[in-house]
Amino acid sequence: MRAVAAILLFMSGITAGAEIAEIIFINGNIYTVNDKQPSAQAIAVKGDRIVFIGSKADAEKFRADKPHIVDLAGKTVTPGFTDSHCHIFGIGEREMTLNLEGTNTREDFLATIKERVARTERDKWITGRGWIETFWKPPQFPTRADLDKIAPDNPVFLTRADGHAAIVNSAALKLTNIDDHTPDPFGGQILKTNGDPNGMLLDNAMDLVAKNIPKPTETETEQALLTGIDREIKLGWCEIQNAGSELADQEIIRRAYAAGKVKLRMINAAYGPGEAANALLKNGATLNAFDHRFTQRTIKVIFDGALGSRGAALLAPYSDRPDTSGFLTQKPEELRPMFEEALRRGIQVETHAIGDRANRLIFDLYEQAFKAVPPSQRKIQEPRWRVEHAQILSEQDLPRFAKLGVLASMQPSHAISDLFFAPARLGIERLARAYAWNSLIKSGAIICGGSDAPVERGEPMIEFYAAVARRPLPEHGLSVSAPSGVELGSPNKDKDSGQDIRWPHRQDAYVPPPGEGWHPEQAVSREQALRMFTINAAYAAFEENDKGSIEVGKLADFTVLSADIMKIPAPEILKTRCEMTVIGGEIVFAATSN
Ligand SMILES: [Zn+2]
């Protein structure tokens, strides 16, 4: 392990009364995210806290007789990266089932499935997730005929990356009795070709088939949790904020922590309204349990659908389908009493709102609750409620984040994935306030950064790149014109932009030229991007006194990277690897040399 080569230091005088560190990290290129001391070379840790940050020479004063010295060999260190919005069980399940992310061609996608079929018993279900046709040529949905050729006997159910669509084969349709007479369920669509189901199921139509798939056992669910956590730590995440859980999930999470199996820190939200939210309101928050690793004080509400499937609730109709403006998934009047109780009980609320209508209405609801329960009646005076995604905002609502002290919890990768089809959905005008990171920051809002994995890949370097470059990943083609001030690799000659042609009705849509509508001016600075995934994420969980920067007294959580992401050209950010993950002063992951 080249990254953790221990070296001996020359003896030097130990200052009387100085704290003796148990581990000292030296020769780091350390970004502290502390304005008073932005950079340093050494960190000394005692127990799980930082006792010193500064120069290598000064760190010497903290050494014991047999100190554990870790030579970082000039590598870059940031405060521990936090994913402010992800779904940990889904991340693990994606690893355990057929993981289709990164299958960038139809042939790749089919070959991966074929390989799985070959080692699966006949008649057994094959499930998986992560495919997306945006970059296939042509960018069209797969069909059940494609799957039948390679999987004639096993029922197959493969969820699109966004979780809002699935492709199934004929064996799966047959088990479900779906045929050309089956009507679309409420909130869903069975896509058809010449009147015949072609295997694509949207939103609630997915449930028709999914309910026949054998449920994972409790052991498998626990395995998914641990697999997901293991992946997160290897990528350099020190904390995740899990965006929703039911009571059964919470049991499994608590058991895993109680058994000492989990090093990753987790802020867990309970889905609401419903029994998980009711239990949280009744029993109150759990703070810093299991050695400061587990906190649960948040209710997660899902208020509308997603943009890709046109479920996001908009103020005006979709540009590529004027007969719909999306829909809300909760009735506002049913949220009101829960919100007021949450304020009284010191429970945070975070609400998924993507469309501009959903965002406006959630602000109305938050505002009403804040008025109905004034600070004197709240357990926590400044409740730091959050809006998750906040993707499309109207001009009048954008300033409400700063005004009401509501946090915007945003996922930079959503922008660089969605901006391939968002111009068709929204038209060019509405894109001015879509994924509007810089406008929000200028308005005084605090953005905490996340990935929404497994909807997106869930890698810190992809998120950081997306935030600062606001351009597609190189494997998705660089067909978008270069934003000014952003360093680029050599542009891809291929001008096939992967413009969305997968949804019905889009024939009427305005499809802008490739690259139009990406709004490079909404990309953020490296400093801002780093804050989104460190100190702002900590603030969003009421933890800025313990986490989010490398300062004396804070928990010793940091991420060691193979390159200086604050200085290298943007495309190189994507090649940067996690060298080491340190949680509470413990090296929980170290890359081996290759
Ligand atoms: Zn999510």
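Q: In the hairpin of β13 and β14, which residue takes a positive phi?
A: In this predicted model, asparagine 194 has a positive phi near 50°, and the hairpin of β13 and β14 to which this value belongs has 2 residues between the strands.

Q: And how do those two strands pair, over how many bridges?
A: Strand β13, residues 188-193, and strand β14, residues 196-203, run in the antiparallel sense and pair over 5 bridges.

Q: What stands opposite glycine 188?
A: Aspartate 203, a residue of β14, is opposite glycine 188.

Q: Switching to helices, at what angle do α2 and α7 pack?
A: Helix α2, residues 88-96, packs with α7 at an angle of about 95°, and their axes are 7 Å apart. Because the range counted as roughly perpendicular is 65 to 115 degrees, α2 is roughly perpendicular to α7.

Q: Which residues of α2 and α7 meet there?
A: From α2 the contact includes Ile88, Phe89, Ile91 and Met96, and among the residues they and their neighbours meet in α7 are Ala224, Leu225, Leu226 and Ile229. Taken together, the residues of the contact of α2 with α7 divide into 8 nonpolar, 5 polar and 3 charged.

Q: What about α7 and α8, at what angle do they pack?
A: Helix α7, residues 218-235, and helix α8, residues 247-258, pack at an angle of about 65°, with 10 Å between their axes, and the crossing is right-handed.

Q: Which side chains' residues are involved in that one?
A: Glu218, Thr221, Glu222, Leu225 and Leu226 of α7 meet Ile252, Ile253 and Ala256 of α8. The residues of this contact divide into 5 nonpolar, 1 polar and 2 charged. Thr221, Leu225 and Leu226 of α7 are also listed in the contact with α2.

Q: Now the sheet with β23 in it, what's the strand order?
A: That open sheet of 6 strands has the order β3-β2-β7-β23-β24-β25, and its pairing is mixed. Its edge strands are β3, at 39-40, and β25, at 586-590, each of which pairs on one side only.

Q: How do β23 and β24 pair within it?
A: Strand β23, residues 558-561, pairs with strand β24, residues 578-583, in the antiparallel sense over 4 bridges, and cysteine 578 in β24 is the bridge partner of leucine 561.

Q: Last one: is alanine 145 buried or exposed?
A: Alanine 145, which has its place in helix α4, residues 144-150, is exposed because 12 other C-beta atoms lie within 10 Å, and a residue counts as exposed at 12 or fewer.

Q: How far is it from serine 170?
A: The C-alpha atoms of alanine 145 and serine 170 are separated by 7.7 Å, with the two residues 25 residues apart along the chain.

Note on methods: Residues numbered from 1 in each chain as written. Predicted model: local features only at pLDDT ≥ 70, side-chain atom pairs only at ≥ 80, totals over all residues. Pairing = 2+ DSSP bridges. Axes fitted to C-alpha atoms, helices over the stretch in contact; angles between N-to-C directions. Left-handed = near helix turned anticlockwise from the far one by under 90°. Contact = placed C-beta atoms within 7 Å. Nonpolar A, V, L, I, M, F, W, Y, C, P; charged D, E, K, R; others polar. Buried ≥ 20, exposed ≤ 12 C-beta atoms within 10 Å, placed from the backbone. Parallel < 35°, antiparallel > 145°, perpendicular 65-115°, else oblique.
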